[in-house]
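Colleague: I would like to go through this model one question at a time. Please give the cut-offs as the terms come up.

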Amino acid sequence: MTLKPNNIVIMNDQIAIKWNDASESLIDNKTLRLQCPCANCSGESDVFGNIYKSNNLKTNNENQYLINRYIYIGHYAIRIVWRDGHNAGIYSFEFLKSLDA
Ligand SMILES: [Zn+2]
């Protein structure tokens, strides 16, 4: 059985995921944002192995920890759209499950 969410609920500072194996995950928005897997947030390495991180995401903007909505990407992931407009992060279900505290 492939792990996938039966239901995802966005709350103020957490998301709750009900999985198809009957388990549940609660993940802090802040954790989600800090673990954003997109190239911008996680750092992109060039051919020389240098890692670049974008500084413009490290603002004090409260909206960066608020989720606007999520979009299913195929059958394996969701894209999270943050209130500050950042939406490049694609979170696979396996990854979300691993973030559960
Ligand atoms: Zn990102």
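Colleague: In β7, which residue is the bridge partner of Ile67?

Modeller: This is a predicted model, in which local features need pLDDT of at least 70, side-chain atom pairs count only at pLDDT 80 or more, and totals for chains, interfaces and linings use all residues. Residues are numbered from 1 along each chain as its sequence is written. Strands (E, at least two residues) and helices (H or I, at least four) are DSSP runs, numbered from the N terminus. In β7, Ile67 is bridged to Trp82.

Colleague: How many bridges join β6 to β7?

Modeller: Two strands pair if DSSP finds at least two bridges between them. Strand β6 covers residues 67-73 and strand β7 covers residues 77-82, and the two run antiparallel. Their hairpin has 3 residues between the strands, and Gly74 there takes a positive phi near 55°. The number of bridges joining β6 to β7 is 6.

Colleague: Which residue in β8 stands opposite Ala77?

Modeller: Strand β8 (residues 90-92) pairs with β7 in the antiparallel sense, over 3 bridges. In β8, the residue opposite Ala77 is Ser92.

Colleague: Why is one side of β6 and of β8 left without a neighbour in the sheet?

Modeller: The open sheet of 3 strands has the order β6-β7-β8, with antiparallel pairing. β6 and β8 stand at its edges, so one side of each has no neighbour in the sheet, because each has a single partner strand.

Colleague: By what angle are neighbouring strands of this sheet turned against each other on average?

Modeller: Axes are lines fitted to C-alpha atoms, for helices over the stretch in contact, and angles run from 0 to 180 degrees between N-to-C directions. For neighbouring strands of the sheet β6-β7-β8, with direction ignored, the average turn is 30°.

Colleague: Is Asn68 buried, partly exposed or exposed?

Modeller: A residue is buried if 20 or more other C-beta atoms, placed from the backbone, lie within 10 Å of its own, exposed if 12 or fewer, and partly exposed in between. Asn68 is found in strand β6. Because 14 other C-beta atoms lie within 10 Å, Asn68 is partly exposed.

Colleague: What is the C-alpha to C-alpha distance between Asn68 and Trp82?

Modeller: Two residues are in contact if their C-beta atoms, placed from the backbone, lie within 7 Å. Not counting residues up to four places away in sequence, Asn68 touches Val81, Trp82 and Arg83. Asn68 and Trp82 are 14 residues apart in sequence, and their C-alpha to C-alpha distance is 5.1 Å.

Colleague: In β3, which residue is the bridge partner of Ala16?

Modeller: Another open sheet of 3 strands has the order β1-β2-β3, with antiparallel pairing. Its edge strands are β1 (5-10) and β3 (24-28), each pairing on one side only. β2 and β3 pair over 5 bridges. In β3, the bridge partner of Ala16 is Leu26.

Colleague: What pattern does the protein follow along the sequence?

Modeller: The protein has 3 helices and 8 strands. Read along the sequence, the pattern is β-β-β-α-α-β-β-β-β-β-α.
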